[in-house]
Amino acid sequence: ASLTTLRCGIIVGPGGSSLKILINLVRRLPIMGLPSWTNSYTQPISINDVQLALTKCLEHPKKFKGSFDIGGPNIMSYKEMMRITASVLKTKLLMFSVPFIPTSFSKRWVSTFSGVSINLISPLIDSLKHDLVTSDNILQKQISKNSFTFKESLMNSIDSKGFPIRNPR
């Protein structure tokens, strides 16, 4: 039996914990001191594009076996994701860099203001210190033809009042 592994950074879609964290931080904190990890790069991917990748792998198991990085069309910093989120939510957001914020403080701060457990926040913040972008591969080429941008994915994941959609269906 062969094994296929798909790796990605932030998945943007209804019900997603990363999206909830992002929206709650932007909505609840009009002024943010940003730690250095917010300058790391990621390639957020729509849940729809993840589903497409999974479908392609299941339909063509011999073609897509191995390990694949997948991501959306935008390579951006977490800071840029916050800026776009604020724009979509029509919220003013003032951000400034504070490079000396300890990771332990960031974890508690994000947990408190996002309303998400520190047990979920902690490994997420630890992973954000590294750039999470795709490497060139055949599956990424297949799904990137009509993939959703971060802004489109975000807009498809919030209701008319700018709150995360909880249940996708």
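Author: Leaving out residues up to four places away in sequence, L94 touches P30, I31 and M32, where contact means heavy atoms within 4.5 Å. L94 has its place in strand 8; strands (E, at least two residues) and helices (H or I, at least four residues) are DSSP runs numbered from the N terminus. The C-alpha atoms of L94 and E80, 14 residues apart along the chain, are separated by 12 Å. The model is predicted, so local features need pLDDT of at least 70 and side-chain atom pairs count only at pLDDT 80 or more, while totals for chains, interfaces and linings use all residues. Residues are numbered from 1 along each chain as its sequence is written, and side-chain values use heavy atoms, with hydrogens and water left out.

Reader: How is the packing of two helices read, and at what angle do helix 1 and helix 4 pack?

Author: Two packed helices are described by the angle between their axes and by the distance between those axes. Axes are lines fitted to C-alpha atoms, for helices over the stretch in contact, and angles run from 0 to 180 degrees between N-to-C directions. Helix 1 (residues 17-28) and helix 4 (residues 103-114) pack at about 85°, their axes 8 Å apart. Helix 1 is therefore roughly perpendicular to helix 4 (65 to 115 degrees; under 35 is roughly parallel, over 145 roughly antiparallel, and the rest oblique). Helix 1 contributes K20, I21, N24, L25 and R28 to the contact, and helix 4 contributes V110, F113 and S114. These residues divide into four nonpolar, two polar and two charged (Ala, Val, Leu, Ile, Met, Phe, Trp, Tyr, Cys and Pro count as nonpolar, Asp, Glu, Lys and Arg as charged, and the others, Gly among them, as polar).

Reader: Which ring pairs deserve attention, and how many aromatic pairs are there?

Author: Rings of Phe, Tyr and Trp (its six-membered ring) pair if their centres lie within 6.5 Å; planes under 30 degrees apart are stacked, over 60 edge-to-face, and the rest tilted. By this rule there are four aromatic pairs. The rings of F64 and F68 have centres 6.1 Å apart and planes at 75°, so this pair is edge-to-face. F64 is buried at 1% relative accessibility, and F68 is buried at 6% (buried means under 20% relative accessible area, exposed over 50%, partly exposed in between, with a 1.4 Å probe and protein chains only). The W109 and F113 rings, with centres 4.5 Å apart and planes at 45°, form a tilted pair.

Reader: Why are W109 and F113 separated by about one helical turn?

Author: An α-helix has 3.6 residues a turn, so residues three or four places apart point the same way. W109 and F113 are four residues apart in helix 4, and therefore about one helical turn separates them. W109 is partly exposed at 38%, as is F113 at 25%. Ring pairs link F105, W109 and F113 into a cluster.

Reader: Is T38 buried or exposed?

Author: T38 is buried, at 2% relative accessibility, and is found in the loop between strand 3 (31-34) and strand 4 (41-42). Its side chain reaches the backbone oxygen of P35 at 2.7 Å. Leaving aside neighbours within four places in sequence, T38 is in contact with S77, Y78, K79 and M82.

Reader: What is the phi of K90?

Author: K90 has a positive phi of about 55° although it is not a glycine. K90 lies in the loop between helix 3 (78-88) and strand 8 (94-97) and is exposed, with a relative accessible area of 77%.

Technical notes: Polar contact = N/O pair within 3.5 Å; in protein donor to acceptor, adjacent residues only side chain to side chain.
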